[in-house]
Amino acid sequence: MTVLEGDGYKVELDEANGCIHMGGALRLGGLNEYAPISQMLEEALDGRDTLTVDLTGLEFLNSSGIATLSKFVIVVRNRQNCALKIRGSNAIAWQGKSLNNLKRLMPALELSFD
Amino acid sequence: MTEDYGQIREIHPQRDIETLNLSFWPGSVPLKQRWRNNGLSADFLGDYVTTFFPLDENDPATRQRQSEIRGAVSFIANELLENAMKFHADGLPEPITIRLYLMRDQIVFQESNAARGETSSQFRGFVERVRSTDPGELYIEQIESNAAAEGSAGLGYLTMINDYGAELAWRFEPIAEDGFRVTTQVIIKI
């Protein structure tokens with residue numbers, strides 16, 4: 001497991017299952033502070049034909065974090081060699097509001113809500 | 001000269017309006033240390049308003065409504081505070097303030113901070129763009145063009161409009177020493 005951890009949040013890559021779990025509350029100050037997370041997401045694509053991003057434990061994400069996810073979705077779309085699944089939760093309000101936009105960026109994205 | 005983009009509401013205390021008002025003088029603590037307070041303050045505002053949307057165990061819709069309102073208040077307040085902390089001019093004799101007015105069918109946020117002339121004219125340029133372009137298109141354009149790297153402040157406002165149906169307005173008031181008091185108002189229907 002590769003793990004990035006900070007004040008109130010945790011991002012971990014489960015290499016065996018091709019899944020990145022993001023949990024807690026992420027409110028880093030701008031896209032540059034999200035760079036390590038972007039890097040982890042992009043590196044996880046290497047050598048995989050499917051990647052799942054599990055957001056079911058992510059209670060809060062600020063707009064810089066939403067932008068980071070959006071940019072990642074564009075990277076996956078442009079690479080065209082890895083299918084992307086994003087798992088959200090109906091119990092977390094921001095996800096119902098903002099995750100559907102990702103499908104506008106990448107119609108092939110598989111978005112599900114638990 | 002005071003300039004308004006959209007209509008900034010003058011709201012007076014009334015029996016049926018709940019108001020919270022927070023003020024900060026950011027220069028007293030480094031930004032890095034203060035950043036976590038944005039989240040604490042935003043979550044406080046979000047939790048506070050839930051009192052007025054009580055849960056009814058026999059009606060599951062009340063849980064969803066409470067969670068949506070808490071989420072919206074917390075997201076919007078956090079974005080307003082993050083932007084205020086990023087762009088506030090410490091040297092000017094103005095605090096950062098955020099006010100929340102809870103009304104029967106809407107929540108109004110008014111956030112003010114000070115900005116130097118140059119920062120405020122750049123921001124004014126963004127405001128004019130938001131008001132003259134489709135916010136959904138503008139969001140995608142910013143994300144796709146990498147322009148977001150520096151100007152990520154704008155993405156928060158666009159997310160409020162696109163995802164929360166928020167109505168935004170701004171006021172720029174000249175204050176001393178080539179500075180402006182910049183007020184951002186966000187209204188969501190509840």
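**Chat about chains A and B**

Q: What radius of gyration would a compact globule of 190 residues have, and what does chain B have?
A: A compact globule with 190 residues would have a radius of gyration near 16 Å, and chain B agrees with that at 17 Å. Keep in mind that this is a predicted model.

Q: And along its principal axes, what does the C-alpha trace of chain B span?
A: The C-alpha trace of chain B spans about 55 × 35 × 35 Å along those axes.

Q: How many helices and strands are there in chain B?
A: Chain B has five helices and six strands. Following the sequence, the pattern reads β-β-α-α-β-β-α-α-α-β-β.

Q: What order do the strands of the chain B sheet have?
A: The sheet is open, has six strands, and goes S1-S5-S6-S4-S3-S2 with antiparallel pairing. Strand S1 (3-5) and strand S2 (18-24) of chain B are the edge strands, each pairing on one side only. On average, neighbouring strands of this sheet are turned by 15 degrees against each other, direction ignored.

Q: How many bridges join S3 and S4 of chain B?
A: Six bridges, between strand S3 (residues 96-102) and strand S4 (residues 106-116) of chain B, and the two run antiparallel. To find the pairing on screen, look for B:Arg99, which stands opposite B:Gln110 in S4(B).

Q: Which strands does helix H2 of chain B lie across?
A: Helix H2 (residues 60-87) of chain B lies across S3, S4 and strand S6 (179-189) of chain B, and H2 runs at about 10 degrees to S4(B). Helix H3 (residues 117-132) of chain B also packs on the sheet, where H3 touches S1, S4, strand S5 (167-175) and S6 of chain B. The direction of H3 makes about 145 degrees with that of S4(B).

Q: New topic: where is the place of B:Pro54?
A: B:Pro54 is in the loop between helix H1 (31-50) and H2 of chain B.

Q: Is B:Pro54 buried or exposed, and why?
A: B:Pro54 counts as exposed because there are 8 C-beta neighbours inside 10 Å.

Q: Over to chain A. How many helices and strands are there?
A: Chain A has four helices and six strands. Along the sequence, chain A follows β-β-β-α-β-α-β-α-α-β. The radius of gyration of chain A is 13 Å, close to the 13 Å from the globule rule for 114 residues, so chain A is as compact as a globular protein of that length.

Q: What size of box do its C-alpha atoms fill?
A: Roughly 35 × 30 × 25 Å along the principal axes for chain A. Of the 114 residues in chain A, 39% count as buried.

Q: Which side chains of strand S5 in chain A point to the buried face?
A: In strand S5 (residues 83-88) of chain A, those are A:Leu84, A:Ile86 and A:Gly88.

Q: What stands opposite A:Ile86?
A: A:Val53 does, and in S6(A) the bridge partner of A:Ile86 is A:Leu111. Strand S4 (residues 50-61) of chain A pairs with S5(A) in the parallel sense over five bridges. Four bridges join S5(A) to strand S6 (residues 110-113) of chain A, and those strands run parallel too.

Q: Which unit do S4(A), helix H2 and S5(A) make?
A: A right-handed β-α-β unit, with helix H2 covering residues 63-79 of chain A.

Q: What phi does A:Gln80 have?
A: A:Gln80 has a positive phi of about 60 degrees, although A:Gln80 is not a glycine. A:Gln80 is in the loop between H2 and S5 of chain A. A:Gln80 is exposed, since there are 7 other C-beta atoms within 10 Å.

Q: Last one: how many residues does the contact take from chain A and from chain B?
A: The contact takes 20 residues from chain A and 24 residues from chain B. On the chain A side, H2 and helix H3 (93-98) are the elements that give two or more residues. H2(A) gives the most, with seven residues.

Q: And by class, what does the side of chain A that touches chain B have?
A: That side of chain A has nine nonpolar, seven polar and four charged residues.

Conventions. Residues numbered from 1 in each chain as written. Chains lettered and ligands numbered in written order. Predicted model: local features only at pLDDT ≥ 70, side-chain atom pairs only at ≥ 80, totals over all residues. Buried ≥ 20, exposed ≤ 12 C-beta atoms within 10 Å, placed from the backbone. Pairing = 2+ DSSP bridges. Right-handed = clockwise from strand over helix to strand, strands pointing away. Axes fitted to C-alpha atoms, helices over the stretch in contact; angles between N-to-C directions. Contact = placed C-beta atoms within 7 Å. Nonpolar A, V, L, I, M, F, W, Y, C, P; charged D, E, K, R; others polar. Rg over C-alpha atoms; globule rule 2.2 N^0.38 Å.
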